[in-house]
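Hi everyone, thanks for coming.

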Amino acid sequence: MNDVSDLTITVLRFGFLLLLWVLIFSIVAAMRRDLMIGKKAATGVPTARQMRRNPNLAEATPPPVKQQARQLVVTEGPLKGRTIPLAASPILLGRAQEATLVLEDDYASGRHARLFPQGTRWFIEDLGSTNGTYLADQQLTRALPVEIGVPVRIGKTVIELRP
């Protein structure tokens with residue numbers, strides 16, 4: 001009987017050791033993936049934070065579209081058909097009650113994303129949400145400009161800028 005318990009303890013020790021190695025490799029893979037995303041963001045369009053710190057970067061962005069976005073429209077999801085007029089202030093999107101557009105969506109975080117004006121353009125940035133924010137099927141890794149009619153997806157909710 002004592003041999004069986006020694007064998008069981010040895011198997012458990014090896015299983016625990018294997019589990020630790022799996023955890024270490026998954027952490028290294030996640031860090032590598034995050035570092036690669038950071039490199040892509042550094043070489044692309046300037047982030048909103050960079051543009052606020054250095055206004056000259058905003059001049060390097062492409063010229064604005066002739067049509068101005070005047071409203072935000074929910075095109076899919078529980079709030080379909082709801083419109084919000086756009087002003088000069090940012091729009092907070094999420095499930096929190098202080099959000100400008102309170103999303104009734106289980107896949108949205110409390111403070112999920114922010115839509116904000118920069119000059120004559122509107123930008124969307126993910127605020128560290130759990131399930132991500134998608135601009136035309138591309139997951140956001142930094143603030144990106146939103147063009148009129150391009151869908152922004154947060155969980156089951158899809159929104160668009162309209163003239």
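How many bridges join strand β1 to β11? There are 5 of them, and the two strands run antiparallel. Before we go on, please keep in mind that this is a predicted model.

Let's get our bearings. Strand β1 covers residues 71-76, and strand β11 covers residues 157-162.

Now to another partner of β11. Strand β10, residues 152-154, also pairs with β11 in the antiparallel sense, here over 3 bridges. The strands β10 and β11 form a hairpin with 2 residues between them. Look at G155 in that hairpin: its phi is positive, near 65°.

Is β11 enclosed or open to the outside? Of its 6 residues, 5 are buried, so β11 is largely enclosed by the rest of the structure.

Let me finish with T157, which lies in β11. T157 has a relative accessible area of 4%, and it counts as buried because that value is under the 20% cut-off. What surrounds it? Setting aside neighbours within four places in sequence, T157 is in contact with V74, E76, G77, P78, L103, D105 and V152. Take a second look at D105 in that list: its side chain and that of T157 are joined by a polar contact of 3.2 Å.

That's my tour, and I'm happy to go back to any of these views with you.

Conventions: Residues numbered from 1 in each chain as written. Predicted model: local features only at pLDDT ≥ 70, side-chain atom pairs only at ≥ 80, totals over all residues. Heavy atoms only, no water. Helix = DSSP H or I, 4+ residues; strand = E, 2+ residues; numbered from the N terminus. Buried < 20%, exposed > 50% of the residue type's maximum accessible area, 1.4 Å probe, protein only. Polar contact = N/O pair within 3.5 Å; in protein donor to acceptor, adjacent residues only side chain to side chain. Contact = heavy atoms within 4.5 Å. Pairing = 2+ DSSP bridges.
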